[in-house]
Amino acid sequence: MVPIMKLLFIILLTVPRGIFYQQKDPYESARERMVSSQIVARGISDQETLRAMRKVPRHLFVPVSYAEEAYSDRPLPIGYNQTISQPVVVAYMTELVKPAKGKNALEIGTGSGYQAAVLAEIVDTVYTIEIVPELAKEAAARLKILGYDNVVTKYGDGYKGWPEHGPFDIIIVTAAADHIPQPLKDQLADGGRLVMPVGNPATVQYLILLTKKKGKITEQQLEPVWFVPLKRLK
Ligand code: SAH
């Protein structure tokens, strides 16, 4: 090959392909299918929740070895004996707390940061606490890289909430216990909604929805679910 042709050939081989065509998220259609077949099909209809579920790149919240399964209808391991919830459970809990612009949210159990990102697509600010230091660090880095500047992360025991930033319009607890921590009830704003799996952490739990109106708390028992246990720092 003439040297100039050879050089051109090498240049063509080495320039990133993105220069020639708009790069598309390879998981976009998997995500769309997840929303229609797992979430809309099961009755989730809040448009903001569906928009967020269509947008957040769930495959970037699971270990690389699980990326191909990120949009399947099940929870997945994220290390340290913890799991990222099944997509429909994330969507259901998100819809239950009625997220909207102008609201703030507290999440206990950051895990991968996925639920926090879904909320952050809708509400103003998400405060999220994680008790496993490695997961807290990984999630904070991931959320930063993905541009979720409205998520504030912290390592620690979420049992006591985060009083400095309360009261919260929304509180989501993504780990199970046999009762709802009193500090979280106290940090729920008037008109606010709290959702948490409550029951025997080793067997079955039910999602409980608390609503606070004029200081009075009402409790509703919803679907059976399975979550990892809420731990306590000694
Ligand atoms: N919401 C997460 C999944 C949560 S799994 C996601 O979207 O990926 C439950 C998480 O709660 C685990 O990471 C676990 O370490 C954490 N956790 C358990 N007890 C906790 C506590 N007392 N305070 C904060 N986080 C806790």
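The largest pocket is lined by 44 residues, and Ser85, Val89, Thr174, Trp226 and Phe227 lie nearest its centre. A pocket here is an open set of points on a 1 Å grid over the protein atoms alone, where a 1.4 Å probe fits, with protein on both sides within 12 Å along at least five of seven lines; lining residues have an atom within 4 Å of a point. The model is predicted: local features need pLDDT of at least 70 and side-chain atom pairs count only at pLDDT 80 or more, while totals for chains, interfaces and linings use all residues. Residues are numbered from 1 along each chain as its sequence is written, and side-chain values use heavy atoms, without hydrogens or water.

- The largest contribution is that of α4, with 5 residues.
- The volume of the largest pocket is about 700 Å³, taken as the space filled by probe spheres set on grid points that are joined across faces, edges and corners.
- By class, the lining holds 24 nonpolar, 13 polar and 7 charged residues (nonpolar: Ala, Val, Leu, Ile, Met, Phe, Trp, Tyr, Cys and Pro; charged: Asp, Glu, Lys and Arg; polar: the others, Gly among them).

**Gln115**
- Gln115, in helix α5, has a relative accessible area of 6% and is therefore buried (buried is under 20%, exposed over 50%, partly exposed in between, with a 1.4 Å probe and protein chains only).
- The side chains of Gln115 and Thr94 are joined by a polar contact of 3.0 Å (a pair of N or O atoms within 3.5 Å, one able to donate a hydrogen and the other to accept it; residues adjacent in sequence count only if both atoms are side-chain atoms).
- Beyond four places in sequence, Gln115 contacts Val90, Met93, Thr94, Glu107, Ile172 and Thr174 (heavy atoms within 4.5 Å).

**Strand β6**
- In β6 (residues 168–173), 5 of 6 residues are buried.
- β6 runs parallel to β3, with 4 bridges between them; strands pair if DSSP finds at least two bridges.
- Ile108 is opposite Val173 of β6.
- β6 is also joined by 4 bridges to β7 (residues 188–199), in parallel, and Ile170 has Arg193 of β7 as its bridge partner.

**Thr125**
- Thr125 lies in β4 and is partly exposed, at 22% relative accessibility.
- The C-alpha atoms of Thr125 and Val151 are 5.9 Å apart, although the two residues are 26 residues apart along the chain.

Definitions and conventions: Helices (H or I, at least four residues) and strands (E, at least two) are DSSP runs, numbered from the N terminus.
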